Amino acid sequence: MSRRVGTTVADTGAPGYRFERVILPAEAGGQGYRFNLAIPLAPPPATGYPAVWLLDGNAALMETPATLLQALAKAPSPPLLVFVAHDNDLRIDSAARAHDYTPRLPGGEAAQVDPLGRRNGGADGFLDLLTGAARERVRQVVPLDDARQAIWGHSYGGVFVLHALFSRPGAFATYAAVDPSLWWGEGYLLKEAGNAASATAVTLWLAAGENGADVASGKAPPSQPSPASGGRGENGMPNDSLPRLRGRAGVGATEAEPRPANADRPDHAPMRRARDAVPPGAAKDLVERQRARGVEARYVPLPGLSHGQTLGASLPLFLPAFAGIAPP
């Protein structure tokens with residue numbers, strides 16, 4: 001949980017890009033945020049830069065090589081990359097993201113505390129910040145094309161991306177959810193998707209790591225360590241501390257949470273129920289449902305990868321696709 005960012009491409013540089021950091025300080029005891037901007041050296045279009053807002057920005061920055069930025073710089077309209085992070089040097093801030101990336105559940109304040117004791121339910125406020133104060137602050141540094149803003153998120157970040165799409169589809173033009181934790185809230189997002197209004201002129205790019213699984217059965221082998229994460233899970237925990245829960249292909253079933261000392265304790269029953277609430281193939285089905293409501297939706301399998309590995313593996317696929325170029 002204490003893994004730090006270390007040296008990244010923001011420090012070493014990349015052909016075609018420069019970096020600048022923007023800070024939104026904490027207010028009244030709240031959470032502060034940092035935004036590492038990868039700014040194209042190419043002049044902005046008349047309408048401003050297209051931009052990708054990357055959640056878990058410290059982790060995403062660690063997984064972004066200079067070669068990827070060099071390729072993006074050659075695009076007809078190179079995108080601005082906004083690495084969105086909580087204002088600290090942790091690769092993953094588990095408690096802060098658990099709050100910011102999850103929507104509010106029905107059931108009052110008690111329902112907003114997860115089995116690990118973390119506060120949930122801050123997604124709407126965080127979305128207000130991204131589309132309001134954060135976007136305006138970034139606009140003070142570089143011009144933005146409001147019609148070409150994208151948001152990318154992995155795991156809990158994928159929960160946030162999908163919630164934003166279902167609740168406020170006009171906030172971004174492109175939504176990229178990578179191995180979203182569809183089990184969160186006992187399948188809350190699947191219910192939210194069913195109540196979402198029609199949406200046109202928006203794009204969904206949903207990638208899922210099937211981990212060598214039999215998709216029909218929904219059974220996957222245990223999570224493997226990501227080479228980029230030094231053999232640790234996405235929250236920085238050693239992979240042998242991950243919960244041994246039944247895998248569900250393509251639904252983020254191997255969310256890297258600390259393994260409970262006693263898996264049968266009553267306070268961990270909600271987490272088991274949540275995973276059991278999501279059927280196999282839910283990610284693919286969700287994409288089909290979005291197509292039916294007018295969203296240009298694409299499902300991208302990432303076979304043979306663990307949940308943690310899909311974070312880094314998705315970037316050289318999604319970012320070039322957004323920029324309109326072939327993967328490097």
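This is a predicted model: local features need pLDDT of at least 70, side-chain atom pairs count only at pLDDT 80 or more; totals for chains, interfaces and linings use all residues.
Local features are taken at pLDDT of at least 70 and side-chain atom pairs at pLDDT 80 or more, whereas totals for chains, interfaces and linings use all residues. Residues are numbered from 1 along each chain as its sequence is written, and side-chain values use heavy atoms, without hydrogens or water.

A nonpolar core is here a set of buried Ala, Val, Leu, Ile, Met, Phe, Trp, Tyr and Cys residues joined through side-chain atoms within 4.5 Å, where buried means under 20% relative accessible area with a 1.4 Å probe, protein chains only. The largest such core has 60 residues, and F35, W53, L80, L130 and Y175 have the most contacts inside it. Helix α6 (residues 156-167) gives the most to this core, with eight residues; helices are DSSP runs of H or I of at least four residues, and strands are runs of E of at least two, numbered from the N terminus. A second, separate core of 30 residues includes L54, L72, F83 and W152.

| Helix | Buried residues |
|---|---|
| α7 (184-195) | W184, G187, Y188, L189, L190, E192, A193 |
| α9 (282-292) | A282, A283, L286, V287, Q290 |

Seen down the axis of α9, the buried residues fall within an arc of 140°, so they line one face of the helix, the arc being that of the directions from the axis to the C-beta atoms. These residues pack against α6, α7, β7 (203-208) and β8 (296-301), with contact meaning heavy atoms within 4.5 Å. The cover of the buried residues of α7 includes α6 and α9. After α9 comes G294, whose phi is positive, near 100°.

Technical notes:
Buried means under 20% relative accessible area, exposed over 50%, partly exposed in between (1.4 Å probe, protein chains only). The expected span of a helix is 1.5 Å times one less than its number of residues.
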